[in-house]
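User: I would like to learn how to read a structure feature by feature. Please take me through this one.

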Amino acid sequence: MANSRNVKKITNMVYGLGASVVILGALFKIMHWPFGNEFLIAGLVTEALVFAYSAFEPVDDDLDWSLVYPELNGGPASARHNALIEEEKETEASLSKKLDVMLKEAKIDANLMESLGTSIRNFEGAAKGIAPTVDSMVSQRKYSEELSMAAAQMETLNNLYKVQVESSARQAEINEEVAENAGKLKDQMSSLAANLSNLNGVYGGMLTAMNVNGRGV
């Protein structure tokens with residue numbers, strides 16, 4: 001056994017050193033360092049020798065587990081295996097007994113479990129009875145929210161109507177002012193026309209007088 005372990009150590013050392021030489025040779029060749037070709041050749045030769053050595057490496061025999069577990073070969077179970085099974089059964093029985101003792105000390109029996117089941121069923125019935133009330137409350141809250149929304153929309157419409165009324169009143173005032181200004185403009189145009197007519201008459205008289213005076217001279 002010790003000899004086999006020493007052989008494995010030597011084999012692992014040979015593999016590691018051989019791989020190191022190959023890597024160094026490849027490094028020298030890639031970097032174009034001096035003696036790169038020589039190092040690469042030495043590494044490849046070393047790797048070839050390592051593979052040749054591995055061809056003669058002894059193969060370890062597989063472990064015969066049937067010696068420990070005879071049932072693998074169809075034989076009867078070993079005494080140790082049977083002892084483990086018995087120990088597991090005893091442990092399960094001991095745990096079951098301890099659990100029974102704990103339940104007994106806590107006074108947990110069939111009557112208590114039945115009472116607990118009855119309480120759960122009663123609670124379920126009460127919950128089902130509360131459900132319609134909850135649904136009604138939800139409906140009322142939803143209706144209240146819809147009323148609030150409708151009131152807000154109505155207020156918005158009222159504000160729009162108020163703005164429209166104020167705009168119409170302002171437009172009416174503007175129309176009245178325009179009509180009043182148009183009347184004033186009409187009066188001013190009439191006065192201007194009369195003034196122009198009078199001015200034309202004056203100019204006409206002056207021209208006539210000038211013509212008469214010119215003929216007399």
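User: Is Glu-86 buried, partly exposed or exposed, and why?

Analyst: Burial is judged by relative accessible area: buried means under 20%, exposed over 50%, partly exposed in between (1.4 Å probe, protein chains only). Glu-86 counts as partly exposed because its relative accessibility is 43%. Glu-86 belongs to helix α3, residues 79-105.

User: What should I know about the model before going on?

Analyst: This is a predicted model, where local features need pLDDT of at least 70, side-chain atom pairs count only at pLDDT 80 or more, and totals for chains, interfaces and linings use all residues. Residues are numbered from 1 along each chain as its sequence is written, and side-chain values use heavy atoms, with hydrogens and water left out.

User: How many helices and strands does the protein chain have?

Analyst: Elements are DSSP runs numbered from the N terminus: helices are H or I with at least four residues, strands are E with at least two. The protein chain has 4 helices and 0 strands. Its order from the N terminus is α-α-α-α.

User: What percentage of the protein chain counts as buried?

Analyst: The figure is 4% of the 217 residues. The chain exposes about 19000 Å², with 64% supplied by carbon and sulfur atoms. Such areas come from the Shrake-Rupley method with a 1.4 Å probe; for residues, only the protein chains shown count as cover.

User: Is Thr-11 buried or exposed, and why?

Analyst: Thr-11 is buried, because its relative accessibility is 1%. Thr-11 sits in helix α1, residues 2-30.

User: Which residues is Thr-11 in contact with, beyond its neighbours within four places in sequence?

Analyst: Contact means heavy atoms within 4.5 Å. With those neighbours set aside, Thr-11 touches Tyr-53 and Glu-57. Across the chain, take the contacts with a separation of 6 or more: 36% of them join residues 24 or more positions apart.

User: What separates Leu-27 and Leu-40 in sequence and in space?

Analyst: They are 13 residues apart in sequence and 8.4 Å apart in space, C-alpha to C-alpha. Leu-27 is in helix α1. Leu-27 counts as partly exposed, at 37% relative accessibility.

User: How many salt bridges are found in the whole structure?

Analyst: Side chains of opposite charge can pair when their charged atoms come close. The cut-off is a side-chain nitrogen of Lys or Arg within 4 Å of a carboxyl oxygen of Asp or Glu. The search finds 2. Arg-170 and Glu-173 form a salt bridge at 3.3 Å, N to O. Lys-184 and Glu-180 form a salt bridge at 3.6 Å, N to O.

User: Why are Arg-170 and Glu-173 separated by about one helical turn?

Analyst: Because they are 3 residues apart in helix α4, residues 110-216. Lys-184 and Glu-180 are 4 residues apart in helix α4, so about one helical turn separates them too. Arg-170 is partly exposed at 46%, and Glu-173 is partly exposed at 40%.

User: Which residues make the nonpolar surface patch?

Analyst: Patches use residues with over 30% relative accessible area and no salt bridge; like charges are joined within 9 Å, nonpolar side chains (Val, Leu, Ile, Met, Phe, Trp, Tyr) within 5 Å. Leu-185, Met-189, Leu-192, Leu-196, Leu-199, Val-202, Tyr-203 and Met-206 make a nonpolar patch of about 760 Å². Leu-196 lies in helix α4 and is partly exposed at 45% relative accessibility.
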